[in-house]
Amino acid sequence: MAAVLEVSHLVKQYPSLTALDGVSLRIDEGEIFALLGPNGAGKTTLIGAVCGLVKKTRGSIRLFGTDLEVDPLTPRYRVGLVPQEINFDPFFTVRESLDIQQGYFGQRADRARVDELLEAMSLTGKADSPTRTLSGGMKRRLLIAKALVHRPKLVFLDEPTAGVDVELRRDLWAYVRTLRAQGTTVVLTTHYLEEAEALADRVGIIDHGRLLLVEEKRLLLERLGERRLEVHFKEPVAALPPAVVKGALSADGRHFTFTAAAGTESATEVLSLLFAAGLPVADVTMAPARLEDILLRVLKEGAAS
Ligand SMILES: Nc1ncnc2c1ncn2[C@@H]1O[C@H](COP(=O)(O)OP(=O)(O)OP(=O)(O)O)[C@@H](O)[C@H]1O
Ligand SMILES: [Mg+2]
């Protein structure tokens, strides 16, 4: 797999703060990479350094195989950015601002491309409206359209769905998957972990400018994900069968909970022991492994180390 982006030992030092503290990361062609971390972790700074909005202090960045110190411009023509902050000229119409964006990237006006993106972002009806008259969520969707209008090979989506309604968020997810299917590489930051869970191939967790973890999402959920089994009894249970060594019975004897660290203990085994002992099981729920729990755990362990 070809590397689209290779960041090594990247440092961004502000006078009183180290925003990036030696970040090394490789992003491959055609993947969706979710960069997760709390407010102020360094996500936007990292994206800014790649896109030329933040001047790095040290380290190197290679985009499509080219070191940005050797050629800061050419590789960036193939990059699209949905910035976290809404930043367009309020006096142009939606269509004009997309046309202008194509021009910025040295491309001839491509009406079909603009129409396609207006459609994909559900903005067709607003094509001739001045951007200042758009709602917050519509502005965010226009930002996404702008970032894609020149058909970039690498797209940064910095919290693309903040303030976007549920239905459109789902549409956007579908669109991001289409992009990947077309071979576009996507780097996404989001505080909606559900979004990362739905989209990401790989996940990176950053805090205080340091990458704490980079892993395939599926493997990460398997390795660190804890599934929670909850059993409710019809009537209070005095004691658990001796074979059930994991999990806990509530004080009132009505609930049993068990956390299955993925790949180790099996919830189904525990359940069958409860049934075999003839306990009055009324209801069983199984909560899947969540990225949210993993993120909180990794951040806590990172802070302690
Ligand atoms: N121009 C600047 N001068 C000084 N410090 C800055 C500047 N820009 C960003 N920072 C600091 O760098 C750190 C990283 O900020 P950054 O915007 O990268 O965080 P983030 O991970 O994107 O957070 P969020 O989830 O809130 O968007 C923060 O502590 C921020 O205050
Ligand atoms: Mg940010």
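Mentor: Start with helix α2 (residues 94-104) and helix α4 (residues 136-148). Their axes come within 9 Å and cross at roughly 30°. This is a predicted model: local features need pLDDT of at least 70, side-chain atom pairs count only at pLDDT 80 or more, and totals for chains, interfaces and linings use all residues. Residues are numbered from 1 along each chain as its sequence is written, while chains are lettered from A and ligands numbered from 1 in the order in which they are written.

Now the terms. Helices (H or I, at least four residues) and strands (E, at least two) are DSSP runs, numbered from the N terminus. Axes are lines fitted to C-alpha atoms, for helices over the stretch in contact, and angles run from 0 to 180 degrees between N-to-C directions.

The crossing angle makes α2 roughly parallel to α4. (Angles under 35 degrees count as roughly parallel, over 145 as roughly antiparallel, 65 to 115 as roughly perpendicular and the rest as oblique.) The crossing is right-handed: the near helix is turned clockwise from the far one by less than a right angle.

Which residues make the contact? From α2 come V94, S97, L98 and Q101; from α4 come L142, A145 and K146. (Residues are in contact if their C-beta atoms, placed from the backbone, lie within 7 Å.) By type, this contact has 4 nonpolar residues, 2 polar and 1 charged. (Ala, Val, Leu, Ile, Met, Phe, Trp, Tyr, Cys and Pro count as nonpolar, Asp, Glu, Lys and Arg as charged, and the others, Gly among them, as polar.)

Then the strands. An open sheet has 4 strands in the order β12-β13-β11-β14, paired antiparallel. (Two strands pair if DSSP finds at least two bridges between them.) β12 (248-249) and β14 (281-287) stand at the edges with a single partner strand each, so one side of each has no neighbour in the sheet. β12 pairs with β13 (residues 255-261) over 2 bridges. One bridge partner is T257 in β13, for A248.

Last, a hairpin. β9 and β10 have 2 residues between them, and H208 in the turn has a positive phi of about 50°.

Note on methods:
Contact = placed C-beta atoms within 7 Å.
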